[in-house]
Amino acid sequence: KLNEAHDQAVQALQALEPTPARDRVASTTRAHVLLAQIALELQDASQARQEAGLAREADPTLPMLAYVDARLLYDQGEYEEALPLFEQATLDVKRAHAAAILALHYYTADTLAHLDRYDEAEAEFTEALRDFPRDVRARGGLAALYQVMERPDDAGHALDALLQVAPTPESYALAARLWKTLGNARQADIVRAEGRRAF
């Protein structure tokens, strides 16, 4: 519900206006980060860059512009060009001890996987799940990576963990799809049936 999320973030920013400047920095930053991420999902590059710039004004330690530029390249399949920007954003977050950017490690990991740098991709997926344990996309990405690395047991464990930490309809659908991709149609049917019973 991206449009509703956008409207709520804008309302949050408006509600912050009467607040003393020192008290609204963190909330203002989070709102602009969210608006940048929504714009990326809506494929609105100029809006994403604008919101990233406003996030940087609120918190100069947060590398949102690098992240947004990397995402735009990633979305175009320009993985070689996107990777240095993702890596720079990750380094900047660590150096500044800034708040983690949702999906930064996921997109870095998936970019590395596209470039056949599987061990590095695994480390980034692990980092993504350390920051955001309920990240369905990262858990699914890790399972798919294990499949490519011919580690079916690890892929199965990753899918089991996915359903334990985030038992949602989307998680069951993703797990069933990945089990089928792993060549285990029976387990895919079991997971699909469990999802139907649960939801």
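Which hand does the crossing of H4 and H6 have? I get left-handed for H4 and H6; the term applies if the near helix is turned anticlockwise from the far one by less than a right angle, and clockwise would be right-handed.

Ground rules before I go on. This is a predicted model, where local features need pLDDT of at least 70 and side-chain atom pairs count only at pLDDT 80 or more, while totals for chains, interfaces and linings use all residues. Residues are numbered from 1 along each chain as its sequence is written, and side-chain values use heavy atoms, with hydrogens and water left out.

Entry: overall layout. I count 11 helices and zero strands in the chain; helices (H or I, at least four residues) and strands (E, at least two) are DSSP runs, numbered from the N terminus. The C-alpha trace spans about 55 × 40 × 30 Å along its principal axes.

Entry: H4 and H6. I looked up the geometry of H4 (residues 64-75) against H6 (residues 104-114): the angle is about 40° and the axes are 11 Å apart. That makes the pair oblique. My cut-offs: under 35 degrees is roughly parallel, over 145 roughly antiparallel, 65 to 115 roughly perpendicular, and the rest oblique. Axes are lines fitted to C-alpha atoms, for helices over the stretch in contact, and angles run from 0 to 180 degrees between N-to-C directions. From H4, Tyr67, Arg71 and Tyr74 meet a set in H6 that includes Tyr106, Tyr107 and Asp110 (contact means heavy atoms within 4.5 Å). By class I have five nonpolar, two polar and two charged residues in this contact. Here Ala, Val, Leu, Ile, Met, Phe, Trp, Tyr, Cys and Pro count as nonpolar, Asp, Glu, Lys and Arg as charged, and the others, Gly among them, as polar.

Entry: I find the axes of H8 (residues 136-148) and H9 coming within 8 Å and crossing at roughly 165°, so H8 and H9 are roughly antiparallel. Their crossing is left-handed. Among the residues in contact are Val136, Ala143 and Tyr146 of H8 and Ala155, Ala158 and Leu162 of H9. The classes there come to nine nonpolar, one polar and two charged.

Next I took H9 (residues 152-165) with H10 (residues 169-181): the axes come within 9 Å and cross at roughly 165°. That makes H9 roughly antiparallel to H10. I noted a left-handed crossing for H9 and H10 too. Their contact includes Leu159 and Leu163 of H9 plus Leu174, Leu178 and Trp179 of H10. It has eight nonpolar, two polar and one charged residues.

Entry: On a 1 Å grid over the protein atoms alone, a cavity is a set of points where a 1.4 Å probe fits but cannot get out, and a pocket is an open set with protein on both sides within 12 Å along at least five of seven lines; lining residues have an atom within 4 Å of a point. Points are joined across faces, edges and corners, and a volume is the space filled by probe spheres set on them.

The largest pocket has a volume of about 220 Å³. Its lining includes Arg30, Asp59, Leu62 and Ile101, and divides into eight nonpolar, two polar and two charged residues.

I count one cavity of 30 Å³ or more. About 30 Å³ of space lies in the largest cavity, and Ile101 is one of its lining residues, along with Phe132 and Asp135. H6 gives the largest share of that lining, three residues.
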